[in-house]
Amino acid sequence: MPFSRGKKTTVTAGNKLSKENITENQEDGPHVKRSSSPPHGAPKKRTAMVDITNAHKLQVSLPGKKKEQVKKPVKKNITSTVSAKNQANLKKSSSVSSSEGSATEKERVEEKGATRKDVAAPVKELVPTTPPAIQEQPACLQKPAIPKEFDIDAENAQDCFMSPEYAKDIFDYLKQREEKFVLSNYMSKQPSLNTEMRAILVDWLVEVQENFELFHETLYLAVKLTDHYLAQTPVHRELLQLVGSTTMLIASKFEERSPPCVDDFLYICDDAYKREELIAMEASVLQSLSFDINIPIPYRFLRRYAKCVSAGMDTLTLARYYCELSLLEMDLVPVRGSLLASACLLMALVTKNLGRWSPILQFHSGYQSSDLAPVVRKVHSMLLAPPDDKLKAIRSKYSHKVFFQVATLPVVDIVLLEESLSQ
């Protein structure tokens, strides 16, 4: 038992404690009360963490009980034992007959239980070896070389953000993915909707994109998501605006760096819907598309193809105006994005008198001028149609100076278009 400080130890006949035992108990016992001030030179205790002194290494010697000595495990001299065994194994291996001499020294030692480190392996002479011949890649896996006159990414060779090595492969992949997202005129599957209601919704989404200052890619993706959802799910006309605001929220999460929150989309709907309804609609849209929302949009192809001819910003903006107006038309919903972008760019080039569908455009788009003819005629007839008073967002947007007032330009003559398509 521990002893209190300051009291004199009493020695009895039944329990004799020698001075050595008392000293040992006072020094070794971890339960002995220590002085609050450490002796000179001793480390201080860090009570906030652990006892970093040597108290945990000391043991208590109880009176009347012999101190048990902890037996330390005896370490065998493994090295001497292994070396003795190795010598015995080497003596035995030397008596092997000549018929077994074909076996290597390594195999004989391993049969007797020796390791590689125990036997010194013979030093082999270093013989220079010829490197293996590089196998040529099969023709089917070789990347086709881009002609120098068609390489529009060479100028961005030092810009890693432009991905010049993979730019063409990326757009070729997007062009292949378009086949998965081809739509048809689905309005017959919507008993309570019509093409005019859809156009009004798209016009409202353009206003939302302007008010929130979102990317144009967000607008195009939201319209694509809306069309794909309506092609699969019948929607009542009272929920059409909820579908549009939800698809814009999804597209913002996919495209924007800082997308608007759910409350912002509830606000632009004039609080016609509840938060739970918008979240439920978001889950419904994503499930209907199997969460595959990376749909190729015409806006990306338009910027890529405009780069092929080094089109100016005014020419690109004019083509964007045509392309954005096409979002209102139900007849242009089945058209692939790359084909629609090519047709709008061709119309802008002819309008600006900048040429026709050149070979470099054919190389990167994969379309001939004859492939563009049906879509170009549809877009041209759309521009000649009288404007609808209910659909003013796009025309007023591109009538601003920021967009070079391209909406005020006259529509190109159909004769010039036909001449450009015939060549």
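This is a predicted model: local features need pLDDT of at least 70, side-chain atom pairs count only at pLDDT 80 or more; totals for chains, interfaces and linings use all residues.

Visitor: How many cavities of 30 Å³ or more does the structure hold, and what is the volume of the largest cavity?

Guide: There are four cavities of 30 Å³ or more in the structure, and the largest cavity has a volume of about 140 Å³. It is lined by 14 residues, of which Lys-224, Leu-327, Leu-332, Val-333 and Leu-340 are the closest to its centre.

Visitor: Which elements give two or more residues to the lining of the largest cavity?

Guide: They are helix H6, residues 216-230, and helix H12, and H6 gives the most, with four residues. By class, the lining of the largest cavity comprises eight nonpolar, two polar and four charged residues.

Visitor: What is the volume of the second largest pocket, and which residues lie nearest its centre?

Guide: The volume of the second largest pocket is about 600 Å³. Its lining counts 22 residues, and those nearest its centre are Met-162, Phe-171, Arg-300, Arg-303 and Arg-304. At least two lining residues are supplied by each of helix H4 (167-177), H10 and helix H11 (313-325), while the largest share, six residues, comes from H10. The lining of the second largest pocket divides into 12 nonpolar, three polar and seven charged residues.

Visitor: Now to the helices: at what angle do H10 and H12 pack, and how far apart are their axes?

Guide: In general one reads the angle, the distance between the axes and the handedness together. Helix H10, residues 298-308, packs with helix H12, residues 337-351, at an angle of about 50 degrees, and their axes are 8 Å apart. The two helices, H10 and H12, are therefore oblique to each other, and H10 passes H12 in a right-handed crossing. On the side of H10 the contact is made by Pro-298, Phe-301, Leu-302, Tyr-305 and Ala-306, and on the side of H12 by Gly-337, Ser-338, Leu-340, Ala-341, Ser-342 and Leu-345. This contact of H10 with H12 has eight nonpolar and three polar residues, and no charged residues.

Visitor: Are H5 and H6 roughly parallel or roughly antiparallel to each other, and which residues meet between them?

Guide: Helix H5, residues 195-211, and H6 pack at an angle of about 155 degrees, with their axes 10 Å apart. Angles over 145 degrees count as roughly antiparallel, and H5 and H6 are therefore roughly antiparallel to each other; their crossing is right-handed. From H5, Arg-198, Leu-201, Val-202, Leu-205, Val-206 and Gln-209 meet His-216, Leu-219, Val-223, Thr-226 and Asp-227 of H6. By class, the contact of H5 with H6 consists of six nonpolar, three polar and two charged residues.

Terms used. Residues are numbered from 1 along each chain as its sequence is written. Side-chain values use heavy atoms; hydrogens and water are left out. Axes are lines fitted to C-alpha atoms, for helices over the stretch in contact, and angles run from 0 to 180 degrees between N-to-C directions. Angles under 35 degrees count as roughly parallel, over 145 as roughly antiparallel, 65 to 115 as roughly perpendicular and the rest as oblique. A crossing is left-handed if the near helix is turned anticlockwise from the far one by less than a right angle, and right-handed if clockwise. Contact means heavy atoms within 4.5 Å. Ala, Val, Leu, Ile, Met, Phe, Trp, Tyr, Cys and Pro count as nonpolar, Asp, Glu, Lys and Arg as charged, and the others, Gly among them, as polar. On a 1 Å grid over the protein atoms alone, a cavity is a set of points where a 1.4 Å probe fits but cannot get out, and a pocket is an open set with protein on both sides within 12 Å along at least five of seven lines; lining residues have an atom within 4 Å of a point. Grid points are joined across faces, edges and corners, and a volume is the space filled by probe spheres set on the points.
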